[in-house]
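Subject: Structure for your review

Dear colleague,

Please find the structure below, together with its sequence. My findings follow it, and I would be grateful if you read them with the structure open beside you.

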Amino acid sequence: MACKSKLLSQTLVSLLALLALFCKSDAGSLVIYWGQNGKEGTLTDLCATGRYNIVNIAFLSTFGNGKKPQINLAGHCDPTIKGCQRVSTDIRYCQRREIKVLLSIGGGDGAYTLSSAADARTVADYIWNNFLGGQSNSRPLGDAILDGVDFDIERGNTYYAALAKRLSELSKNSGRKYYLSAAPQCPFPDKYLNDALSTGLFDYVWVQFYNNPPCQYSSSNPNAFKNAWGQWNSIPVGKVFVGLPASRAAANSGFVTPQVLISQVLPLVKSSAKYGGVMLWDKYNDDQSGYSSQIKSSV
């Protein structure tokens, strides 16, 4: 009788483990941008909340066309005096909690452009050596190794396919997975990133369904969002995310209340095999609204 009870207990444990695995694989991820407001707390503070799965450090905002690459973390630290190297401690803390930390390049106000495919490869080499698995004596965020690169490209020229290909090439024999993500605007296709996204090299795409009235969600015209979502799910990427402002103040348009997101938007997007989760701009605005806390269990 004891042996039978033990067997039943082991079977129950196995079934519960399988159930937990299934639930975990079915759940989406919550992505947040951090770095553009000194009042949002440290990266360690962010990861200690347990609300986020992926963090984009924003931004490497100057690069290309002969410019010296420069990271800008607003009020957090001064990279010109190596003041941002202490962020390495925070990055490692997040990674120990199984939170991916990516470097976001570009942004809405940066001084960046790529003048040629060769220029793109030069920038990729810099990113690899200063933020990923390469070697450099002047790593802006210290010696922590980031998990990948996010392309938030909102200006300049193209050649981002060449940048993605070079980063992928550099990481091939590293023995470690490095992720590529992108944050295109929702009008399809994105005029800056279409060629890059067509390479099939990107793991994640969080589409900015805000500041773009023709394709962002609206209760008066939900089909506009639905059609755009379908277009974005047609590209050769791993997972597609719904990108939203974390508060009304975070964008000019496109804010969706947590209640509408849960009741209207998520049921629609979760039917896609490529559904990845929700991206929020940004940590400071999320702190003001409590948005992520309200949606975390539903994503």
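In helix H4, the residues Ala117, Ala120, Arg121, Val123, Ala124, Asp125, Ile127 and Trp128 meet Ala162, Leu163, Arg166, Leu167, Leu170 and Ser171 of helix H5. By class, the residues of this contact between H4 and H5 comprise 10 nonpolar, 1 polar and 3 charged. Please note that the model is a predicted one.

H4 covers residues 117–131 and H5 covers residues 160–171. The two helices pack at an angle of about 40 degrees, and their axes are 8 Å apart. Angles under 35 degrees count as roughly parallel, and those from 65 to 115 as roughly perpendicular; H4 and H5 are therefore oblique to each other. Their crossing is right-handed.

Helix H7 (residues 222–232) packs with helix H8 (residues 258–269) at an angle of about 30 degrees, with the axes 11 Å apart. Since the limit for roughly parallel is under 35 degrees, H7 and H8 are therefore roughly parallel to each other. H7 passes H8 in a right-handed crossing. Which residues meet here? Phe225, Lys226 and Trp229 in H7 meet Val265, Leu268 and Val269 in H8. This contact of H7 with H8 has 5 nonpolar residues, no polar ones and 1 charged residue.

Sorted by class, the lining of the second largest pocket holds 5 nonpolar, 10 polar and 3 charged residues.

A cis peptide bond joins Trp281 and Asp282, with omega at about -15 degrees. Asp282 is placed in the loop between strand S10 (275–281) and helix H9 (283–289).

Another cis peptide bond joins Phe188 and Pro189, where omega is about -5 degrees. Pro189 has its place in the loop between strand S7 (179–182) and helix H6 (194–197).

Finally, which phi does Ala74 have, positive or negative? Although Ala74 is not a glycine, its phi is positive, at about 50 degrees. Ala74 is found in the loop between strand S3 (67–71) and helix H3 (87–96).

Yours sincerely

Notes. Residues are numbered from 1 along each chain as its sequence is written. This is a predicted model: local features need pLDDT of at least 70, side-chain atom pairs count only at pLDDT 80 or more; totals for chains, interfaces and linings use all residues. Side-chain values use heavy atoms; hydrogens and water are left out. Axes are lines fitted to C-alpha atoms, for helices over the stretch in contact, and angles run from 0 to 180 degrees between N-to-C directions. Helices (H or I, at least four residues) and strands (E, at least two) are DSSP runs, numbered from the N terminus. Angles under 35 degrees count as roughly parallel, over 145 as roughly antiparallel, 65 to 115 as roughly perpendicular and the rest as oblique. A crossing is left-handed if the near helix is turned anticlockwise from the far one by less than a right angle, and right-handed if clockwise. Contact means heavy atoms within 4.5 Å. Ala, Val, Leu, Ile, Met, Phe, Trp, Tyr, Cys and Pro count as nonpolar, Asp, Glu, Lys and Arg as charged, and the others, Gly among them, as polar.
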